[in-house]
Amino acid sequence: MIIVIYNENTKEFEVLPNRLNGNKYIWQYDYGQTLRIQGLNLPSAVEIHFSLQETGGTSVNRVGVTKDGVTDVIIPDSMLENDGADRTYDIFAFIYLTDDTSGQTEYKIKLQVKSRPKPEVPGGGENPNIFHEAVQAVRKSADKAAESEKQAEGWAHGREDLPERAQDNAKYYAGQTAADAKKTGTDRKEVERLVESVAGIDEQVVKVENLTKQAQTSATNAALSEQAAKTAETNAQTAQAGAETAEGNAELAEQGAKASEQAVERAKQLVTQMGQEVLDNKNHVDQTVQAFTLTAQQAVADVNNAGQTQTERVQSAGNTAVESVKTAQDAATQAVETAKTEAVKAVQTEGTTQTGNVTQEGEKQVQAVQQAAQEIVADREQIQENKTGIEALKQGKADAIVETASGETIQAEDSSGLGVEGLRIFGKSTQDGVPSPESPVSIVNIGDKGNVKVEITGNNAEPQSITLTTPNGLLGIKVKTDGNYTDSTGQQWVCNEIDLERGKYVQRVGKYIFDGTEITQDTWLPTIVVSMRPDGLTGVVYSTRFLLSNYGAADFSNNTGRSFGFDSEKWKVSNGKELTAFFKSKYDTGKPVEAQYVLASPVEHDLIPEEIAAYKVLHTNYPTTVVSNDESAHMEVSYVADTKNYIASKIETPLQKQITDLQNALISQKISGGGIKVTDSARVPVVNFAMWGKTEQVKTTGTNLFDVSKIDDAWNGSYGIKNNNGVLTVVSSSSSSAVDTNKTLKELCPQLKNNETYVFNAVNSGKSNMIYLDNAKKIWFYHQPMVMTEEMLNSRVYLYISDKINDSGTIRNIQVNRGETVLPYEPYSGGFPSPSPDWGQPIEVTAHPVTVTIKSGTEQQSVTLVPPRPLTKWDKLEKVDGAWRWMYQSRWIESYVDENITGEYISTTGGLNAGAKVCYKSTPEHIPLPQPVQDKLKTLTVYAGTTEITNDGGCNMELTYTVDTQSYVDKKIAEVSKAIL
């Protein structure tokens with residue numbers, strides 16, 4: 001059900017939250033949903049038209065039923081399916097008021113439907129057959145039914161507005177009600193069957209009239225019986241109240257007045273029995289009335305839907321039933337009055353007698369009760385004091401196990417139900433796209449709506465929540481290292497956070513809004529230096545990787561902590577004055593240029609007292625606690641773990657596993673890897689040893705356009721550049737921090753084109769993050785997109801380790817790629833994917849002797865193994881039946897022509913291309929090792945305690961060795977002890 005209420009002041013409907021889940025919407029594929037309308041005084045039956053669009057199209061009509069000012073109407077299931085819509089949509093409900101001559105739309109209601117995946121077998125389904133004329137007929141029938149009810153009530157027990165009908169006929173008809181109710185159930189089924197087909201209703205009119213006449217008679221009888229039951233119930237309740245008073249006093253006097261208690265109990269039983277007899281009669285009548293009411297309502301609705309003609313006939317039958325009631329009125333009145341008078345008199349007499357007895361005994365016990373009450377109050381105060389002390393001890397006990405869990409939604413399965421020990425909420429800032437001055441992209445922050453609501457729930461527990469104000473949002477910037485939290489994907493963030501345990505808002509990210517009043521400098525054109533206003537939060541970290549802007553194309557200019565750098569060409573301005581004019585125009589239109597940046601030092605602010613107070617009353621639930629928030633913010637919660645559950649999850653299970661491992665421990669252990677280290681070996685010969693060759697091949701997408709191999713060694717005594725297979729050692733001179741590569745950008749990046757955008761990146765061991773292009777007089781920062789010009793292409797490239805002279809360091813992984821975003825590094829491959837026919841890549845395998853070394857401390861053994869041919873990942877050294885041998889599955893084709901290869905292969909061109917060198921997997925071939933090498937391998941021994949095994953061929957190895965029993969057991973026991981601690 002979804003409830004809306006009409007606000008007379010705003011003339012709008014407000015959707016009330018669902019009392020179970022707080023939702024103000026309906027889920028797609030729900031069915032049988034009711035729309036409840038409050039705040040309007042609508043007719044008893046009202047047309048409501050449902051549509052999926054606010055204008056145009058057609059609507060589905062339904063009839064709403066109004067009772068006590070509240071209107072309920074069923075929402076069409078077809079609207080809740082909406083042909084499998086895959087996004088959130090709206091349903092419009094139009095309230096259409098009609099009379100005999102006109103109809104008009106008075107109100108419009110808008111309901112939101114949340115899209116969800118379609119269930120395999122959707123529920124619901126409908127086949128409405130609703131007539132406009134039925135609305136008027138139902139309304140008239142309801143009005144006549146109300147009038148009939150009024151008349152019947154007068155005939156049964158009198159009404160102030162019907163003084164001529166003041167007698168009670170209920171006694172007579174009470175005996176007839178049970179039989180009538182049974183007959184009514186049978187009649188209702190017959191009516192339902194008759195109204196299933198509108199086309200055949202005329203043939204069944206006579207039968208419907210007869211059944212309806214019987215139903216109306218039963219309704220009247222039930223109404224007449226109701227008052228008799230109510231009167232008897234009132235008398236019974238009066239007597240029962242006296243009996244209950246007697247019971248209470250008798251219990252207080254239990255120890256000193258057993259005889260009185262028995263007398264009171266007998267009196268109570270007698271009175272209760274008398275009251276119960278009348279109450280049972282009343283309940284029977286109530287059930288009959290309720291059953292008939294549902295039957296009569298359904299019958300009226302069904303007949304009305306069949307058409308106006310049938311409605312009039314039903315009404316005629318009802319009038320006939322009314323006349324029958326009038327005829328029986330006089331005879332029933334006297335009988336009911338007599339029965340009522342006798343019942344009241346008997347109850348009053350017995351009640352008076354027993355009340356006197358109990359009152360006398362009660363007075364004797366007053367003093368004893370008062371004394372006991374004083375003792376109870378004192379005990380209650382002591383119990384409360386003890387309870388408070390116990391809670392304090394439970395929460396603050398020295399040996400409490402405090403666990404910490406994190407995530408956007410946290411589920412703790414071992415929580416104790418005690419207070420929350422700590423709660424932190426972290427910020428995050430994201431953008432959906434790459435921003436530019438021409439196409440800005442908004443920055444979305446956690447808490448942009450002004451607050452973050454955290455909710456704590458658990459099994460059958462009352463939900464708790466705390467709402468934390470975030471007037472400026474909780475900002476957060478992605479970083480590669482040094483973040484203050486890491487999300488579930490491994491991404492690190494530097495972000496603002498709310499630390500409730502310390503009562504602090506910790507700000508690590510600042511935000512600055514440019515309004516055009518900033519001071520600029522044109523000294524470094526084309527870079528324009530822009531300084532913050534005095535109100536800006538200074539302390540900017542000097543690095544482009546800590547910056548986020550909604551317009552992009554901004555850098556940190558220097559290490560003053562308050563300046564930014566803007567490329568005049570990207571921003572299409574000539575100087576700082578034009579740039580600040582751009583800032584002002586955007587600021588005035590409500591879309592200002594914004595920069596978010598990591599602060600050099602965090603700034604802490606106190607939380608408001610209301611938030612701290614709300615936090616202090618939060619507690620976990622036993623045994624499961626779920627912590628969530630409405631912003632998908634990362635959280636960290638600390639809580640006291642339930643000892644039993646903690647032991648089960650953290651100690652007992654691992655302990656049992658360790659015990660099982662000890663029980664099942666074998667003498668020998670197997671371990672593998674490129675380098676092997678064991679710490680529990682016994683000093684005995686190796687049980688078994690195997691070794692596989694390596695097979696590696698560089699793969700690229702052609703992203704990197706910087707050919708670092710073009711940089712030659714250029715050493716001038718004490719400074720210059722040395723190229724070690726792509727890793728540049730750079731030493732600056734005593735006069736300049738810049739080091740000349742003696743190459744133009746076009747020579748180093750032959751694929752670059754004029755007027756296209758590229759971005760530069762590298763890994764620098766120093767503090768510099770730029771290169772310099774001399775002819776263009778342009779600094780190219782790492783991560784900075786740059787539109788290429790001919791002047792830049794013809795400029796010589798200068799490298800920096802830092803801004804210091806006589807400084808040295810290395811630069812590696814140099815890359816230039818197309819676009820505005822730095823892509824993952826890969827080696828240069830001429831702009832082509834590789835391996836490919838355009839750019840081949842060699843296949844690296846183990847093609848030289850391999851020396852295997854076994855050592856422990858100062859002791860060492862080694863054996864040199866000479867493969868008969870290159871050793872690939874498909875080939876290995878193995879021991880079979882006590883003898884070592886080479887097992888080869890690799891075959892080579894030096895220059896491929898058209899050989900048939902059906903299995904696995906590796907090619908220098910990535911495919912079976914003519915001229916490619918190809919290595920493929922074939923059938924095994926076994927080659928025994930020479931006997932001297934066999935003998936050497938058989939003498940290899942692992943050492944006691946720690947043994948390390950390495951090889952110089954990059955091969956993967958597998959070792960089976962004998963375990964030292966004492967070391968193995970000690971290790972397992974230590975692991976168990978660690979788990980327990």
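Strand 5 (residues 45-51) contains Glu47. The model is predicted: local features need pLDDT of at least 70 and side-chain atom pairs count only at pLDDT 80 or more, while totals for chains, interfaces and linings use all residues. Residues are numbered from 1 along each chain as its sequence is written, and side-chain values use heavy atoms, with hydrogens and water left out.

**Exercise 1. Determine whether Glu47 is buried or exposed, and describe the pairing of strand 5 with strand 8.**

Step 1. Strands (E, at least two residues) and helices (H or I, at least four) are DSSP runs numbered from the N terminus.

Step 2. Relative accessible area, computed with a 1.4 Å probe on protein chains only, is called buried under 20%, exposed over 50% and partly exposed in between. Glu47 is therefore buried, its value being 4%.

Step 3. The side chains of Glu47 and His49 are joined by a polar contact of 2.9 Å. Such a contact is a pair of N or O atoms within 3.5 Å; within protein, one must be able to donate a hydrogen and the other to accept it, and residues adjacent in sequence count only if both atoms are side-chain atoms.

Step 4. Two strands pair if DSSP finds at least two bridges between them. Strand 5 is antiparallel to strand 8 (residues 89-98), with 5 bridges, and Ile48 stands opposite Ile95 in strand 8.

Step 5. An open sheet of 9 strands shows mixed pairing in the order 2-1-4-7-6-5-8-9-3. Its edges are strand 2 (12-15) and strand 3 (26-27), each of which pairs on one side only.

**Exercise 2. State how many residues of strand 26 are buried, and locate its partner residues.**

Step 1. In strand 26 (residues 563-567), 5 of its 5 residues are buried. Ser563, Gly565 and Asp567 lie on one side, with Phe564 and Phe566 on the other.

Step 2. Strand 23 (residues 527-531) runs antiparallel to strand 26, joined by 5 bridges. Val529 stands opposite Gly565.

**Exercise 3. Identify the residues with positive phi and the cis peptide bonds.**

Step 1. Most residues other than glycine have a negative phi, and most peptide bonds are trans.

Step 2. Asp68 has phi near 55 degrees; this residue lies in the loop between strand 6 and strand 7 (70-74) and is exposed, at 73% relative accessible area.

Step 3. Asn742 has a positive phi of about 65 degrees. Asn742 is found in strand 37 (residues 738-744) and is partly exposed, at 44%.

Step 4. The peptide bond from Tyr622 to Pro623 is cis, with omega near -5 degrees. Pro623 lies between helix 8 (609-616) and strand 28 (625-629), in a loop.

Step 5. Ser834 and Pro835 are also joined by a cis peptide bond, with omega about 0 degrees.
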